[in-house]
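Work through the exercises below with the model open. Each task is followed by a solution in steps.

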Amino acid sequence: MAVIVPNGKNYFATTTGEPLVGGLVHFYVPGTSTPKDTYTTSVGNVANTNPVVLDARGEATIYCVGSYDVVLADADDAVIWGPERLVDVAY
């Protein structure tokens with residue numbers, strides 16, 4: 001069976017459509033302020049920093065396992081949106 005190739009990187013933009021360079025993506029245990037690991041690999045053996053720092057293209061490789069509350073912030077850590085709940089994410 002054929003499957004679509006996944007994007008591989010998550011992309012985030014400003015409200016004007018520009019890449020969110022240096023943006024921060026925070027991941028938490030749902031309903032708490034306790035950070036929760038995400039991963040740079042699909043097997044979940046290399047943790048990202050938390051928050052994940054977006055690169056010069058507004059991108060980062062992020063694999064999640066389980067449920068999370070996610071908050072997106074700009075490079076100064078001003079919240080853009082969130083928390084948003086991701087439920088039962090599996091890689």
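The model is predicted.

**Exercise 1.** Find the salt bridge of Asp69 and state which strands it links.

Solution. The structure holds 3 salt bridges. In one of them, the side chains of Asp69 and Arg85 meet at 2.4 Å, N to O. Asp69 lies in strand E5 and Arg85 in strand E6 (residues 79-89), 16 residues apart. Asp69 is buried, at 7% relative accessible area, whereas Arg85 is partly exposed, at 48%.

**Exercise 2.** Locate the two partners of the salt bridge between Lys9 and Asp55, and classify their accessibility.

Solution. The closest N and O atoms of Lys9 and Asp55 are 3.8 Å apart; the salt-bridge cut-off is 4 Å. Lys9 belongs to the segment before strand E1 (10-11), and Asp55 to the loop between strand E3 (52-53) and strand E4 (59-60). The partners are 46 residues apart. Lys9 is partly exposed, with a relative accessible area of 35%, and Asp55 is partly exposed at 28%.

**Exercise 3.** Why is the pair of Phe27 and Tyr68 classed as edge-to-face?

Solution. A search of the whole structure finds 1 aromatic pair. The ring centres of Phe27 and Tyr68 are 5.6 Å apart, and the ring planes stand at 80°. Planes over 60 degrees apart count as edge-to-face, so this pair is edge-to-face. Phe27 is in strand E2 (residues 24-28) and Tyr68 in strand E5 (residues 66-73), 41 residues apart. Both Phe27 and Tyr68 are buried. The charged end of Lys36 sits over the ring of Tyr68, 4.4 Å from the ring centre.

**Exercise 4.** Which elements give two or more residues to the largest nonpolar core?

Solution. The core has 12 residues, among them Phe27 and Tyr68. E2 and E5 are the elements that give two or more residues. The largest share, 3 residues, comes from E5.

**Exercise 5.** Describe the surroundings of His26.

Solution. His26 is found in strand E2 and is buried, with a relative accessible area of 11%. The side chains of His26 and Tyr28 are joined by a polar contact of 3.4 Å. Beyond four places away in sequence, His26 touches residues including Asn50, Pro51, Asp69 and Val70.

Note on methods
Residues are numbered from 1 along each chain as its sequence is written. This is a predicted model: local features need pLDDT of at least 70, side-chain atom pairs count only at pLDDT 80 or more; totals for chains, interfaces and linings use all residues. Side-chain values use heavy atoms; hydrogens and water are left out. Rings of Phe, Tyr and Trp (its six-membered ring) pair if their centres lie within 6.5 Å; planes under 30 degrees apart count as stacked, over 60 as edge-to-face and the rest as tilted. Helices (H or I, at least four residues) and strands (E, at least two) are DSSP runs, numbered from the N terminus. Buried means under 20% relative accessible area, exposed over 50%, partly exposed in between (1.4 Å probe, protein chains only). A charge sits over a ring if NZ of Lys or CZ of Arg is within 6 Å of the ring centre and within 35 degrees of the ring normal. A nonpolar core is a set of buried Ala, Val, Leu, Ile, Met, Phe, Trp, Tyr and Cys residues joined through side-chain atoms within 4.5 Å. A polar contact is a pair of N or O atoms within 3.5 Å; within protein, one must be able to donate a hydrogen and the other to accept it, and residues adjacent in sequence count only if both atoms are side-chain atoms. Contact means heavy atoms within 4.5 Å.
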